[in-house]
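Subject: The structure, and what turned up in it

Hi,

Here is the structure I promised to pass on. Have a look at it first, and then read on for the notes.

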Amino acid sequence: MTFVNWFKRNVVVMAGLLTLAYLLLPNVVVTVFSFNRPKGRFNYQWQEFSTDAWRDPCGVSGLCESLGLSLQIAFWATLGATLLGTMIAFALVRYRFRARGAVNSLIFLPMAMPEVVMAASLLTLFLNMGAELGFWTILIAHIMFCLSFVVVAVKARVMSMDPRLEQAAQDLYAGPVQTFLRVTLPIAAPGIAAGALLAFALSFDDFIITNFNAGSTVTFPMFVWGSAQRGTPVQINVIGTAMFVVAVALVLVSMAVGNRRRRQKA
Amino acid sequence: MKTTEETTKAGGGDVRLTGISKTYGDFTAVHPLDLTVPEGSFFALLGASGCGKTTTLRMIAGLEEPTAGTVHLGDQDVTALPPYKRPVNTVFQSYALFPHLDIYENVAFGLRRRGIKSVKKQVEEMLELVQLGEQARKKPHQLSGGQQQRVAVARALINHPKVLLLDEPLGALDLKLRRQMQLELKRIQTEVGITFVHVTHDQEEAMTMADCVAVMNAGRVEQLGTPADLYENPRTTFVANFLGTSNFIEAEVDSTSGDDIVLKAGGGKLVLHRARASVPAATGGKILAGVRPEKISLTHADDAGEIPEGRNRITGRITESSFIGVSTQFVVDSPVCSDFEVYVQNIDRDPRLAPGAEVVLHWNPAHTFGLDAAQDIDAGVETVEEEVA
């Protein structure tokens with residue numbers, strides 16, 4: 001009886017912990033194997049503890065160059081997609097124009113279309129235009145597929161925004177520019193930030209579309225894929241772990257800042 | 001208060017609407033309208049939802065562009081000015097407080113936008129006025145409905161507008177708080193002396209707070225006057241029904257003598273003072289005789305002889321009675337009107353006055369008002385209840 005009661009009380013917590021374990025286990029494996037000293041070229045079996053790779057993360061030729069490129073592309077793609085996507089979202093929610101319905105559904109097309117198909121057709125387009133494959137073609141492609149995610153995130157936020165807030169701002173002597181900067185933008189900011197984070201993650205991660213349209217340029221996911229054919233350097237795990245730690249650290253810092261601000265105000 | 005022709009002082013806080021109207025495609029929200037709100041008054045625009053009262057208010061604020069006509073504040077024509085250049089401020093329905101700013105910054109918003117650097121003293125004074133000094137650093141969602149409402153008022157008043165516009169400011173509050181805020185708003189208005197234009201669908205609210213009420217219906221002003229004037233002398237059935245309850249008797253003019261009009265209704269005669277008839281009475285013409293439920297006395301038929309001479313009287317049978325505490329509300333079936341409502345104060349309760357009893361209704365003829373018979377008797381009934389989304 002007591003066990004049944006205990007189980008009833010804790011079943012939700014256990015389900016939560018199991019789900020968390022399911023999510024985190026791959027990360028744990030990546031982290032653990034970043035401290036491995038593999039025999040041979042493949043880092044698939046635990047041998048012995050070592051910090052060699054952590055002390056020399058750029059020790060594999062081409063790895064850090066590809067990482068830098070990926071970060072650069074992700075940054076510009078995020079900036080471009082967030083700017084354009086925010087404007088599209090505002091236009092779709094706030095204005096009634098011809099073809100608004102069409103834009104509203106077409107914006108989802110990049111999300112719905114199989115990535116491989118899109119990658120192949122983009123390549124066809126670039127080749128027919130005579131474009132040189134590389135940084136710019138990758139960037140254009142990334143902005144394109146990130147756009148829909150930004151639009152979705154920002155649109156949800158703008159739709160739930162009370163239009164009377166902007167009227168109130170105007171009523172309180174804020175001209176159109178002031179109204180946008182002081183009221184509209186701050187209130188839409190969480191949606192825009194969510195869209196931007198999503199865009200960054202998608203762009204940094206993308207392999208299929210990038211692979212088709214990169215020419216001889218190599219991004220980080222392409223580097224990992226390429227090296228996996230011939231042997232996986234431990235440094236890949238190091239980079240992966242570092243990215244994970246940075247992301248978690250950012251979340252923790254932002255939570256701490258938010259908490260402190262709330263406590264100060266109260 | 002016949003205000004339309006009143007002269008205006010330079011730089012005053014009176015609002016003059018001249019021939020103002022608003023149409024959306026085929027739909028006319030506001031028919032051409034002339035209205036003057038005198039400086040320093042508490043003015044209410046009263047009507048059911050969709051009657052054009054909010055549109056009128058928004059045209060004063062500049063948030064809605066009139067299809068025709070002009071808006072003057074004092075001597076200044078503001079028709080072409082955008083909202084952020086008009087010396088008026090609005091308390092919005094559901095307040096529209098900025099969720100990302102704390103109470104202090106919400107109240108300081110208008111001052112800061114006008115480039116005023118040292119806002120501290122003014123903001124603190126204003127928060128004191130609405131008794132929210134303690135809450136300055138909280139976000140709007142951390143406050144109760146009544147507190148949010150007061151922030152909205154403070155945020156508008158701090159700018160010393162010539163006119164303060166209030167759009168259903170108490171609609172989201174529960175009854176008790178609403179009563180409290182009605183008095184609070186009235187106190188603030190008396191204290192600052194600014195012209196208030198208040199839009200509401202609640203007739204009680206309008207009558208409690210306003211010096212002058214404009215009753216609107218279907219995009220037109222039905223009647224304008226002080227609350228007492230509107231209640232005692234409604235000129236249309238809409239006003240008579242929308243403000244309180246009225247009983248109507250369809251009657252025919254029997255004869256006229258001096259200041260009195262004698263009406264024939266059912267088998268009996270009723271007297272109506274000529275000054276209280278809003279239509280000219282010609283012998284044989286139709287007229288609607290109205291009387292408020294609280295003006296009527298109820299006497300059991302057995303005691304009919306005790307009723308003094310010179311009172312209007314009608315016989316009937318009680319069909320319903322409900323005890324309300326201070327009064328008892330009766331519904332009486334009579335030959336001239338099937339559901340006559342009568343409110344009797346509970347001073348000396350007559351136990352014989354129960355459903356089924358034969359009674360005589362009687363009232364002072366001075367309390368009868370006469371309306372044009374060519375209108376819907378039920379106009380304005382029940383619209384008070386089906387309200388606000």
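How far apart do the C-alpha centres of domain 1 of chain B and domain 2 of chain B lie? They lie 39 Å apart.

Before the rest, some housekeeping. This is a predicted model, in which local features need pLDDT of at least 70 and side-chain atom pairs count only at pLDDT 80 or more, while totals for chains, interfaces and linings use all residues. Residues are numbered from 1 along each chain as its sequence is written, and chains are lettered from A and ligands numbered from 1 in the order in which they are written.

**Chain B and its domains**

Domain 1 of chain B covers 15–237 and domain 2 covers 238–371; the bounds come from an automatic or database domain assignment. Where the two domains touch, 12 residues of domain 1 of chain B are in contact with 13 residues of domain 2 of chain B (contact: C-beta atoms, placed from the backbone, within 7 Å). On the domain 1 side, strand E9 (212–217), strand E10 (220–225) and helix H7 (227–232) of chain B supply at least two residues each. Helices (H or I, at least four residues) and strands (E, at least two) are DSSP runs, numbered from the N terminus. By type, that side of domain 1 has four nonpolar, six polar and two charged residues. Here Ala, Val, Leu, Ile, Met, Phe, Trp, Tyr, Cys and Pro count as nonpolar, Asp, Glu, Lys and Arg as charged, and the others, Gly among them, as polar.

As a whole, chain B has eight helices and 20 strands, and its C-alpha trace spans about 80 × 45 × 35 Å along its principal axes. Of its 389 residues, 43% count as buried (buried: 20 or more other C-beta atoms within 10 Å of the residue's own; exposed: 12 or fewer; partly exposed: in between; C-beta atoms are placed from the backbone). If you take contacts in chain B between residues at least 6 apart in sequence, 67% join residues at least 24 apart.

**Where the chains meet**

19 residues of chain B are in contact with 16 residues of chain A. On the chain B side, strand E6 (88–91) and helix H2 (103–113) are the elements that give two or more residues, and H2(B) has the largest share, with three residues. That side divides into nine nonpolar, four polar and six charged residues.

In the loop between E6 and H2 of chain B you will find B:Ala96. Its phi is near 50°, a positive value in a residue other than glycine. B:Ala96 counts as buried because 25 other C-beta atoms lie within 10 Å.

**The cores**

The largest nonpolar core has 110 residues, and B:Ala154 and B:Val197 have the most contacts inside it. (A nonpolar core is a set of buried Ala, Val, Leu, Ile, Met, Phe, Trp, Tyr and Cys residues joined through C-beta atoms within 7 Å.) Helix H7 (residues 135–159) of chain A gives the largest share of this core, 12 residues. Another core, of 30 residues, lies apart from it and includes B:Leu272, B:Ile296, B:Phe330 and B:Val359. Beyond its neighbours within four places in sequence, B:Ala154 is in contact with B:Val107, B:Met126, B:Leu127, B:Leu129, B:Val130 and B:Leu132.

**Chain A**

Chain A is assigned domain 1 (1–34) and domain 2 (67–230), with 35 Å between their centres, taken over C-alpha atoms.

Look also at helix H3 (residues 63–94) and helix H9 (residues 176–205) of chain A: their axes come within 8 Å and cross at roughly 145°. (Axes are lines fitted to C-alpha atoms, for helices over the stretch in contact, and angles run from 0 to 180 degrees between N-to-C directions.) Residues of H3(A) including A:Ala74, A:Ala77 and A:Ala81 meet residues of H9(A), among them A:Gly195, A:Ala196 and A:Ala199. The contact of H3(A) with H9(A) has nine nonpolar, seven polar and no charged residues.

A:Phe90 lies in helix H3 of chain A and is partly exposed, with 17 other C-beta atoms within 10 Å. A:Phe90 and A:Ala53 are 37 residues apart in sequence and 47 Å apart in space, C-alpha to C-alpha.

Lastly, A:Tyr173 sits in the loop between helix H8 (163–171) and H9 of chain A. Phi of A:Tyr173 is near 70°, again a positive value in a residue other than glycine, and the residue is buried, with 22 other C-beta atoms within 10 Å.

Cheers
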